[in-house]
Amino acid sequence: MADNWSDAQAVMDLQQETGLVCMVGHTRRFNPSHQWVYKKIQAGELKIQQLDAQTYFFRRKNINAAGEPRTWTDHLLWHHAAHTIDLFQFQTGEEVVRANAVQGPMHPELGIAMDMSIQLLSESGSVCTLSLSFNNDGPLGTFFRYICDNGTYIARYDDLVTAKDEAIDVSQVDVSMNGIELQDREFIASIREGREPRASVAKVLPTYRVMHQLEQQLNTQPTLS
Amino acid sequence: MKIILAGPGAFGKKHLDGLKNIEGVEVVALVGQPLEPTQAVAAQYGIPHAMTDLDQALALPGVEAAMLPRRFSV
C-alpha cells in the first residue's frame, strides 16, 4: 500500500473521505493454504505457537519476478515483510505487541538492505520469525512454517503440506485454488455488495504501524563498517 | 463491471488471468509505461485501451474500479 507510515495514513484518510471500497493486495489472506489454517484457528482447533517465514530472492539487479527490468526498487521491509506481518496479525487475530529488526549493509547501487531479520510477538504470545534476503540463490519465494499446538504445516503460496511433506487437500477451502483470483473476487464482490473487503485499508493499517516502528528501530542501528 | 488495471508487469498478468474467471468483469484499459509493452499485454488479453496515464484511464466512461498492481504515489 505504501513505503512509509505517512503515505499509508494518507490512503486511510482518503478512503474515509470518499467512502469508496479500498482494498490492499495482501494476497496471503486469500491463498487456499493460508485460508485453511485461518479456518482451523477460527474453529478453535489450532493456535499458532510460532510462524516461521522465509522470503528469499536473488535480486542483486533491479528486475521483476519474470526477470524483466523494473522501474522501481523492491524493498524487504515495506513490501515483502509487509505481507508476512499482515498475515501474522490476520491469522492470530491479534496486534503485534513487540517487534524487533536488524538488517545487513546497504547495496551500493540499489540503496536498500539485502538481508533482514524480524521478530514479532502477538498479544497472547504467538511468535513470528521472519528471515528475508535478496541474496539467496534459490529456491525463490516465501515459505511459511506454521508451528501450532495441534500440528505443524508448511504453506507455499496456494499449496499446503504437513511437516512430513504430506499434501493437504485445500480444493474445498474456497471457489478457486488461485489466491490472486480469490483476492480479485473479494475486491469485485465488496464493490458490488457495498461492504468492507477482507483486506480493507483499515484492516491492514496496523501492519504499516508495525513497519514504521521497525523502520525507526533500523534507523538507530549502528553504521556497519 | 468495467475496471481498469495499472501495472502490466509480472503480477499484473497474474491479476488479468484471475479476472478472466470472474463473471461480469470487463477490463477496459491497461495502464503502464512505456506504452509499447503495455499495448502488447493489452492485445494479449483483449483489452481495448492501452495508455500511460492513470487519470486518462479513470476518466473512461463507466469505469467503476481500478486495480493497481504496481508502485504508485498518493
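This is a predicted model: local features need pLDDT of at least 70, side-chain atom pairs count only at pLDDT 80 or more; totals for chains, interfaces and linings use all residues.
**Chain A as a whole.** Begin by selecting chain A and colouring by secondary structure, which comes to five helices and seven strands. Followed from the N terminus on, the elements run α-α-β-α-β-β-β-β-β-β-α-α. The C-alpha trace spans about 50 × 50 × 40 Å along its principal axes. A compact globule of 225 residues would have a radius of gyration near 17 Å, and the 18 Å of chain A agrees with that expectation. Of these 225 residues, 37% count as buried, and among the contacts in chain A between residues at least 6 apart in sequence, 70% join residues at least 24 apart.

**Chain B as a whole.** Select chain B next, where you will find three helices and four strands, arranged along the sequence in the pattern β-α-β-α-β-α-β. Its C-alpha atoms fill a box of roughly 30 × 25 × 20 Å, taken along the principal axes. For 74 residues, a compact globule would have a radius of gyration near 11 Å, and the 11 Å of chain B agrees. Buried residues make up 31% of the chain, while residues 24 or more positions apart account for 57% of the contacts in chain B with a separation of 6 or more.

**Where the chains meet.** Now show both chains and select the contacts between them, in which 17 residues of chain B are in contact with 18 residues of chain A. On the chain B side, helix H1 (10–19) and strand E4 (63–67) each supply at least two residues, and H1(B) gives the most, with six residues. By class, this side of chain B has nine nonpolar, five polar and three charged residues.

**Two helices in chain A.** Finally, select residues 76–92 and 201–219 of chain A, which are helices H3 and H5; their axes come within 9 Å and cross at roughly 125°. Because of that angle, H3(A) is oblique to H5(A). Viewed as a pair, H3(A) passes H5(A) in a right-handed crossing. To display the contact itself, show Leu77(A), Trp78(A), Ala81(A), Ala82(A), Ile85(A), Asp86(A) and Gln89(A) in H3(A), which meet Val204(A), Pro206(A), Thr207(A), Val210(A), Met211(A), Leu214(A) and Glu215(A) in H5(A). Coloured by class, the contact of H3(A) with H5(A) has 10 nonpolar, two polar and two charged residues.

Definitions and conventions:
Residues are numbered from 1 along each chain as its sequence is written. Chains are lettered from A and ligands numbered from 1 in the order in which they are written. Axes are lines fitted to C-alpha atoms, for helices over the stretch in contact, and angles run from 0 to 180 degrees between N-to-C directions. Angles under 35 degrees count as roughly parallel, over 145 as roughly antiparallel, 65 to 115 as roughly perpendicular and the rest as oblique. A crossing is left-handed if the near helix is turned anticlockwise from the far one by less than a right angle, and right-handed if clockwise. Two residues are in contact if their C-beta atoms, placed from the backbone, lie within 7 Å. Ala, Val, Leu, Ile, Met, Phe, Trp, Tyr, Cys and Pro count as nonpolar, Asp, Glu, Lys and Arg as charged, and the others, Gly among them, as polar. The radius of gyration is taken over C-alpha atoms; the globule rule is 2.2 Å times the number of residues to the power 0.38. A residue is buried if 20 or more other C-beta atoms lie within 10 Å of its own, exposed if 12 or fewer, and partly exposed in between; C-beta atoms are placed from the backbone.
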